[in-house]
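Please keep the sequence and the model open while reading.

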Amino acid sequence: MRDTRESRLLLVLLVAIAFALITVDIRGGEDSPLDGARQAAASVFGPVEDGVATAVDPVGNAVAAVRESGDRHDRVRRLEEENTKLKQKLGNDSRNRARSAELDKLLKTAGAGQYGIKGAQVIGIGAAQGFSWTVTLDIGSNDGVRRDMTVINGDGLVGRVTTVGSSTATVLLAIDPDFTVGTRMEGSGELGFATGRGDRSLHVQLLNGKARIKPGDRMVTFGSQADKPFVPGVPVGKVVRVDPTGGDLTRTLQVRPYVRFSKLDIVGVVVQPPRGNPRDTVLPPKPAKPKPTPTVTVTANPSATATSPAANRS
């Protein structure tokens, strides 16, 4: 359309008519005379709007889904981190409970034998001291530890101190082949000498070749002069085999030690020996023997179950 005077007048007229229609529609509200025209326009342009909305909404939903997915990812990651921390805490709590139980057992053993002890933790094993069966403790001369002191745990004899530094000490374990300790059998008091054999049972040689010994019998340390290197009454182990004498003057036993040397952690160095010999009082209580189950025998009485002739006639 060319820019003429008539076209400009037509444009102004159309704008004026539009404003007039808008004014009439607003003032009429729901009773507006233009309501029918508006509905007709909605019926014409509505499908176009729905199509546009259908095309646009998946994009918006996808953006919202991605954002929510990111939030879920963050929540899952936080939950995984919290779960890991919880597992670590539970693991530490389990180890602490186990060590606390081990310490309680050590204190009970020391109390039963009236041993004055210094608690210690195993911080090193044999490789640090050569080829011997040894462990290193985290206490030393600054804590009152001296050479040739007995070392125990809650189960019994661990070994003896061989080397002492200012803050550490080396302990020769009772299973080392160079380890020997005097023993005394529970009850009978038969004396002998126990020698370590590495990861095998202890080798015990009794002085009395005619001593009556059976598997399951128990023994403790006999003790040394001036209580060094061994205090008396510390549980050593239980007999698992009695070798034939063969007419020898001595008798040989195989003894399983009470201490589990592969799991040493909390131990005690006996810095103060008992005033008296505790003898067998430090040994753990023997398991109670199961009581025999009473047997009840029921015998039927034929005369009581038989039917009398009079009863048959009736």
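Strand β5 is mostly covered, with five of its five residues buried. Here buried means under 20% relative accessible area, exposed means over 50%, and partly exposed lies in between (1.4 Å probe, protein chains only). Ala169, Val171 and Leu173 point one way from β5. Thr170 and Leu172 point the other way, and all of these residues are buried.

The model is predicted: local features need pLDDT of at least 70, side-chain atom pairs count only at pLDDT 80 or more, and totals for chains, interfaces and linings use all residues. Residues are numbered from 1 along each chain as its sequence is written, and side-chain values use heavy atoms, leaving out hydrogens and water. Helices (H or I, at least four residues) and strands (E, at least two) are DSSP runs, numbered from the N terminus.

Which strands pair with β5? Two strands count as paired if DSSP finds at least two bridges between them. Thr170 of β5 stands opposite Thr136 and is also the bridge partner of Thr163. A hairpin of four residues joins β4 to β5.

These strands belong to a barrel of six, closed in the order β1-β2-β5-β4-β3-β12 with antiparallel pairing. Neighbouring strands of this sheet are turned by 45° against each other on average, direction ignored. Axes are lines fitted to C-alpha atoms, for helices over the stretch in contact, and angles run from 0 to 180 degrees between N-to-C directions. Strands β3 and β12 (residues 266-272) run antiparallel and share two bridges. Ile152 stands opposite Gly268 in β12.

## The other barrel

Six strands also form a closed barrel in the order β6-β7-β8-β11-β10-β9, with antiparallel pairing. The twist averages 40° from one strand to the next. Strands β8 (residues 202-206) and β11 (residues 251-257) run antiparallel, joined by five bridges. His203 has Gln254 as its bridge partner in β11.

## The loop between β9 and β10

Pro232 lies in the loop between β9 (218-221) and β10 (235-242). Pro232 is buried, at a relative accessible area of 8%. Which residues does Pro232 touch, not counting those up to four places away in sequence? They are Tyr115, Thr221, Phe222, Gly223, Asp227, Pro274, Asn277 and Pro278. A contact means heavy atoms within 4.5 Å. Pro232 and Val220 are 12 residues apart in sequence and 7.4 Å apart in space, C-alpha to C-alpha.

Pro229 sits in the loop between β9 and β10 as well. A cis peptide bond joins Lys228 to Pro229, with omega about 10°.

The structure holds one aromatic pair. Phe179 lies in the loop between β5 (169-173) and β6 (180-185) and Phe230 in the loop between β9 and β10, so the pair ties together parts that are 51 residues apart in sequence. Rings of Phe, Tyr and Trp (its six-membered ring) pair if their centres lie within 6.5 Å; planes under 30 degrees apart count as stacked, over 60 as edge-to-face and the rest as tilted. Both Phe179 and Phe230 are buried.

| Residue | Phi | Relative accessible area |
|---|---|---|
| Gln114 | about 60° | 58%, exposed |
| Asp148 | near 65° | 24%, partly exposed |

Gln114 is placed in the loop between α2 (35-113) and β1 (116-125). Asp148 is found in the loop between β2 (134-137) and β3.

## Whole chain and confidence

The chain has four helices and 12 strands. Of its 314 residues, 30% are buried.

The mean pLDDT (the predictor's confidence in each residue, from 0 to 100) is 79 for the chain, and 63% of residues reach 70 or more. Confidence is highest in strand β3 (residues 150-152), at a mean of 98, and lowest in helix α4 (residues 309-313), at 49. Over residues 52-56 the pLDDT is below 50, and this stretch has one contact in the model beyond near neighbours in sequence. Where pLDDT is low, the predicted coordinates should not be read in detail.
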